[in-house]
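Here is a short briefing to read alongside the sequence and the 3D view. Keep both open as you go through the points below.

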Amino acid sequence: MEAAPESPQQGRGLVLVRRQPPAQKGPLERLKARLWRSCTCSVPRAWALVQSLVPATCWLREYRPREDLAGDVMSGLVIGIILVPQAIAYSLLAGLQPIYSLYTSFFANLIYFLMGTSRHVNVGIFSLLCLMVGQVVDRELQLAGFDPSQDGLGPQGNSSILNSSTTSLVLGPPGCGRDCHAIRVATALTLVAGIYQVLMGVLRLGFVSTYLSQPLLDGFAMGASVTILTSQLRHMLGVRVPRHQGPGMVISTWLSLLRSLAQANLCDVATSAVCLAVLLAAKELSDRCRHRLKVPLPTELLVIVVATLVSHFGQLHRRFGSSVAGDIPTGFVAPQAPDPRLMQRVALDAVSLALVGSAFSISLAEMFARSHGYSVRANQELLAVGCCNVLPAFFHCFATSAALSKSLVKTATGCRTQLSSVVSAAVVLLVLLVLAPLFWDLQRSVLACIIVVSLRGALRKVRGLPRLWRLSPADALVWVATAATCVLVTTEAGLLAGVLLSLLSLAGRTQRPRAALLARIGDSAFYEDATEFEGLVPQPGVQVFRFAGPLYYANKDFFLRSLYSLTGLDAGRSAATRRERGSEMGAGEGEPVDGKDLGSMTSRARLVPMVTGFHTVVIDCAPLLFLDVAGMATLKDLRRDYWALGVTLLLACCNPSVRDSLKRGGFLSEDQGPEDEQLFPSVHSAVEAARARRGELVVPDSAL
């Protein structure tokens, strides 16, 4: 270790001894060492890599069947029972056949079981992603010459007849009808989004998702929920309206619904009213009795079973024209690689899909990890969710991510590990192999009601907006702008608007931070804002200035304006005026060069307090996070201007980063005096030093 140079205060206080920093390797040497470690292969390194990429290989060896198995089996069964009706219902949002939703739920549960780091998150069908997938599918179907208002559900859903009134721009393989082309678009979109997420995980970009703030995600969920609700009204009313695309889709859909109310199917309307009443009542009952109920009520499954029986024996489709699910085949189809041409077309759409899925998955994983006392790895979560999209895309699946509602159910039913996902996948597999054809007579209005009721939690977020406004108007503005843009324009535009506003809000908070003059708290060594607290004691001849933010190119002018306004002295203008007068007189008034003309300094120091009321400015640098080149230049110019006016500039409470920047920038050069005469460990020590210097130069300290 190397001792710091001696100072006059060494005998009266503690002495800091700086450690000798270790020798740093050059960038080329570090790169060679990293490449050598990466290229070195051994059995322990290979096994460590497998354990890192497949966390199940670690925790399965420590699995405790007696303590964990019962909870995992129970939660897996409950999630599987909830997952089947939701998967069939969410196929309405994606514009795909229900069988593909079941495929997606099956593969996503198995892959996340192997690769996920969260014990409680459920990865599968998510309403917001289904909506985003459905919007892309509708657009591509319309470009391909199909009628996007004809859903993939229903007895006529498998028709491969092209709309003769529309020119086909993107033709699929021969014999590929509407549903075939829809799943081709969805798998291409899913594969590209998954590749983006895997690349983010490989490049260690898990932190990117943290820039999607919670108000942004809540506003996006609210706006997307309104869009989802609007898209399902036509199924609940049993009317056939065009599926609008692009900006203003929600408003256009509402106008079309109002014009088509006279053609509403009374059977679908009555079914929707009954299902909504039952589902909402059951949800309210579950919420009020959730502490008494060990297992949530499988309301969706019961409603689907009863509605299917009523529709089958009442022949609602044949007698009243009610839309039904139609044929849901059993088993799996042969895997197929997504079309590269479609992947190019949807590459831009996949960006927002990948970001939304990543943000929700990471935030939910971290939330459950904090509440249950374990840790997750954000980059591994990106890899896991990305693989849940990449691999299933070859098996006719579409985009997935973590879902809050099902994750909460997993926690409430005693889930201990991701083994519960295997049980859920087994339930879905049973439906895929045996039970799927039983849902032929299920009305689409029932599925739409299940989707609408699942949005209840997201729509309730609007109740927290007043509280958010009281806490942070900037965050509330991000919430409102994101939700409004999602509803009035598109969901992708809402996400983009939310990200931009969040960044602008962050920049605004650093561009115009709070600035204040500090005064002493009684006889203590602490200082606070004189305008915020009463009874503080201002220090004669010393102005203590606090700037609660970094000093960089975007706020340097605001820093100077705040300082000049609070102290009542525009140092830049006054110093320039004095220099002009000095040049006219030809004498320069004996201005110091490099701070060494102490005689001139003494003469000016006698006069300046009479004009400005202070002789020293102390800047409290505790909130100063960092300095850039522009901030450094601002401090240098400020010290020069103050020196010309006979005012001393001192800095206090600088953190190591700011102190190193000051050294590298030349602010603490030797011609300005020793470092301990420019930087002080506390505001009080700087004030005392300023008063001591003033007493030595002009009058005794007691006279100040």
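This is a predicted model: local features need pLDDT of at least 70, side-chain atom pairs count only at pLDDT 80 or more; totals for chains, interfaces and linings use all residues.

The protein has 704 residues, and 49% of them are buried. Its secondary structure comprises 28 helices and ten strands.

**Overall make-up**

- Among contacts with a separation of 6 or more, 79% are between residues 24 or more positions apart.
- The protein exposes about 34,100 Å², and carbon and sulfur atoms supply 63% of that area.
- A search of the whole structure turns up 21 salt bridges, some of which are described next.

**A salt-bridge network between helices**

- Asp349 and Arg139 form a salt bridge, and their closest N and O atoms are 2.8 Å apart.
- Because Asp349 lies in helix H14 (residues 349–372) and Arg139 in helix H6 (residues 127–143), this pair ties together parts that are 210 residues apart in sequence.
- Glu140 counts as buried, with 1% relative accessibility, whereas Arg345 is partly exposed at 37%.
- Through salt bridges that share partners, Arg139, Glu140, Arg345 and Asp349 are joined into one network.

**Another salt bridge to look up**

- Arg64 pairs with Asp68 in a salt bridge, where the closest N and O atoms are 3.8 Å apart.
- Arg64 is partly exposed, at 44% relative accessibility, but Asp68 is buried, with a relative accessible area of 4%.

**A nonpolar patch on the surface**

- Six residues make up this patch: Ile251, Leu255, Leu258, Leu261, Leu488 and Val489.
- Together, these residues have about 520 Å² of accessible area.
- Helix H9 (residues 249–259) gives the most to the patch, contributing three residues.
- Ile251 sits in helix H9 and is partly exposed, with a relative accessible area of 43%.

**What the record annotates**

- The unreviewed UniProt entry carries the annotation "transmembrane region" for residues 69–93, 188–212, 262–281, 293–313, 350–369, 381–405, 417–435 and 479–504.
- In the model, the span of residues 381–405 is 48% helix and 8% strand, and its end C-alpha atoms are 19 Å apart.
- Residues 479–504 are 92% helix and 0% strand, with end C-alpha atoms that lie 14 Å apart.

Notes
Residues are numbered from 1 along each chain as its sequence is written. Side-chain values use heavy atoms; hydrogens and water are left out. Patches are made of residues with over 30% relative accessible area and no salt bridge: like charges are joined within 9 Å, nonpolar side chains (Val, Leu, Ile, Met, Phe, Trp, Tyr) within 5 Å. Accessible areas come from the Shrake-Rupley method with a 1.4 Å probe; for residues, only the protein chains shown count as cover. A salt bridge is a side-chain nitrogen of Lys or Arg within 4 Å of a carboxyl oxygen of Asp or Glu. Helices (H or I, at least four residues) and strands (E, at least two) are DSSP runs, numbered from the N terminus. Buried means under 20% relative accessible area, exposed over 50%, partly exposed in between (1.4 Å probe, protein chains only). Contact means heavy atoms within 4.5 Å. UniProt positions are given in the numbering used here, feature names are shortened, and annotations may be inferred rather than shown by experiment.
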